[in-house]
Amino acid sequence: MATLKILVVDDEPGIRSGVTRILRNFKVDYPFMDEMYDFEITEAATGEEAIEQIDREQPDIVLLDNKLPGIQGVTVLEDIRNKKYDIFVVMITSYASLELAIKVTHDGAVDFIPKPFTPQELKSSLETITKQIYLKRMARKMKHEGKQIRFQFLSVLSHELKAPLNAVEGYLNMVKERQLGTNLNDYNDLIDRSLKRLHGMRNLILDLLDLTKIESGVPSQRPINTDLVEIARNAIDTMMPFAIQKEVTVNLDAPEKLVLMFDADEIEIIFNNLISNAIKYNHQGGTVDITLQHDDHQTMISVKDTGIGISQEDQERLFKDFVRIKNTQTKNITGSGLGLSIVKKVVELNQGRITVESQPGQGSTFNVWLPAPQAKDGKPLSATSTTTSQS
Ligand code: ADP
């Protein structure tokens, strides 16, 4: 439960106590709000008293009578506006002229309740204002979180780029100073290490390029007739050197062709990342099974490995930017922690979804469902698809 502070400013004690009574057990709740709002009421009998209380308490809402004994309600309103307080002001007044209504609206009053008013009129005005306050607060929070996330992203990124640069610079200096003597062969290890760091750096930059492309939004999507099976085969071919190194067998169970309207680059991102992870996080001599299935409504891509697996707790965070699971089994495996977050963004851009099932020590299965792209007449936009399976 959240509480909004209301200040009732009126010289008639009957109005002040009436408002307090009406709002005592009043609560505002909308389905989209994550909590209910109630109200804490304070009272002021004059404009001077109101200004003092506003300075001290900073209420969220002021219910303000215009006809007051000393300074008028409009002056209180002007004072709130001049001090740039974030307060919603509702004018409550009898004999309101059009000029007054225009002036107070111009000065920032959000509503106008003519006296005498019914409890319902007061409540519905407060319901609207509470909704506005809630949305304003949410917007502010999201903006703030967005800034924080961007900052975190940049600091992790600069660290990830700086570390390999420093390492390669260090190795090159060692070569320059001939620290290991004049025999070039003695530097092989340094050269290999440098190449490995540069390779990691290149992958990070490629991931970042994918990410910027995706973050820039839907207009960059170029759906064309794309053979998903061909893309899967190309991804397997690209990863084959790593699979051979780890003696991992890669099987593909798919139709001969599966041509659908998709952005080919995006499908490539999905296959490349899931297959390379399935090899990278596999055991020596393990297996990767890639399956592609399709019906009129959707395409399912499944990448199953017999690798190190992922705990339930880690499964929940692994689709976020820069998340890498650190344990003894992953400590020598390089990566940016961006691959799966990019895959998830691509899948969601295509109105699909991705899930992971995994048992530590036994392996993981990543499943992607993509809805079949629809033509304008509502029919799925697929082309040739036969059902031979190959591995
Ligand atoms: P990375 O570049 O680190 O591989 P990803 O975003 O692709 O980044 O994956 C995030 C983390 O999820 C990885 O660091 C790894 O710990 C874990 N992970 C991803 N795929 C698998 C898999 N198939 N098996 C086990 N762990 C995996």
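**Exercise 1. Name the domains of the protein and say how far apart the centres of domain 1 and domain 2 are.**

Solution. The domain assignment, which is automatic or taken from a database, divides the protein into domain 1 (2–141), domain 2 (161–215) and domain 3 (224–390). Taken over C-alpha atoms, the centres of domain 1 and domain 2 are separated by 64 Å.

Two notes apply to the exercises. This is a predicted model, in which local features need pLDDT of at least 70 and side-chain atom pairs count only at pLDDT 80 or more, while totals for chains, interfaces and linings use all residues. Residues are numbered from 1 along each chain as its sequence is written, and side-chain values use heavy atoms, with hydrogens and water left out.

**Exercise 2. Describe the protein as a whole: its elements, its extent, its surface and its charges.**

Solution. Step one is the elements: the protein has 10 helices and 14 strands. These are DSSP runs numbered from the N terminus, helices being H or I with at least four residues and strands E with at least two.

Step two is the extent. The radius of gyration of the protein is 32 Å, whereas the globule rule gives 21 Å for 391 residues, so the protein is more spread out than a compact globule. The radius is taken over C-alpha atoms, and the rule is 2.2 Å times the number of residues to the power 0.38. Along the principal axes, the C-alpha atoms fill a box of roughly 95 × 65 × 35 Å.

Step three is burial and surface. Of the 391 residues, 41% count as buried; buried means under 20% relative accessible area, exposed over 50%, and partly exposed in between (1.4 Å probe, protein chains only). The protein exposes about 21,900 Å², and carbon and sulfur atoms supply 53% of that area. Such areas come from the Shrake-Rupley method with a 1.4 Å probe; for residues, only the protein chains shown count as cover.

Step four is contacts, meaning heavy atoms within 4.5 Å. Among contacts with a separation of 6 or more, 70% join residues 24 or more positions apart.

Step five is charge. The mean positions of the 45 positive and 55 negative charges are 3 Å apart. Lys and Arg count as positive and Asp and Glu as negative, without His and the chain ends; each charge is placed at NZ of Lys, CZ of Arg, CG of Asp or CD of Glu.

**Exercise 3. Which residues of helix H3 are buried, and what covers them?**

Solution. Helix H3 spans residues 73–82, and its buried residues are Gly73, Val74, Val76, Leu77, Asp79 and Ile80. Their cover includes helix H2 (47–57), strand S4 (61–65), strand S5 (88–93), helix H4 (98–106) and strand S6 (109–114).

After H3 comes Lys84, in the loop between H3 and S5. Lys84 is not a glycine, yet its phi is positive, about 55°. With a relative accessible area of 72%, Lys84 is exposed.

**Exercise 4. Are Leu157, Thr226 and Thr3 buried or partly exposed?**

Solution. Leu157 lies in helix H5 (residues 119–176) and is buried, at 13% relative accessible area. Beyond four places in sequence, Leu157 touches Leu204, Leu208 and Phe322.

Thr226, in strand S7 (residues 223–227), is buried at 3%. Not counting residues up to four places away, its contacts are Ile231, Leu258, Val259, Leu260, Phe262 and Ala264.

Thr3, in strand S1 (residues 2–9), is partly exposed at 40%. With neighbours within four places left aside, Thr3 is in contact with Asp38, Phe39, Glu40 and Asp60.

**Exercise 5. Where do Pro116 and Arg178 lie, and what is the backbone geometry there?**

Solution. Begin with the background: most residues other than glycine have a negative phi, and most peptide bonds are trans.

Pro116 lies in the loop between S6 and H5. The peptide bond from Lys115 to Pro116 is cis, with omega near -5°.

Arg178 lies in the loop between H5 and helix H6 (188–215). Its phi is positive, about 50°, although Arg178 is not a glycine. At 48% relative accessibility, Arg178 counts as partly exposed.
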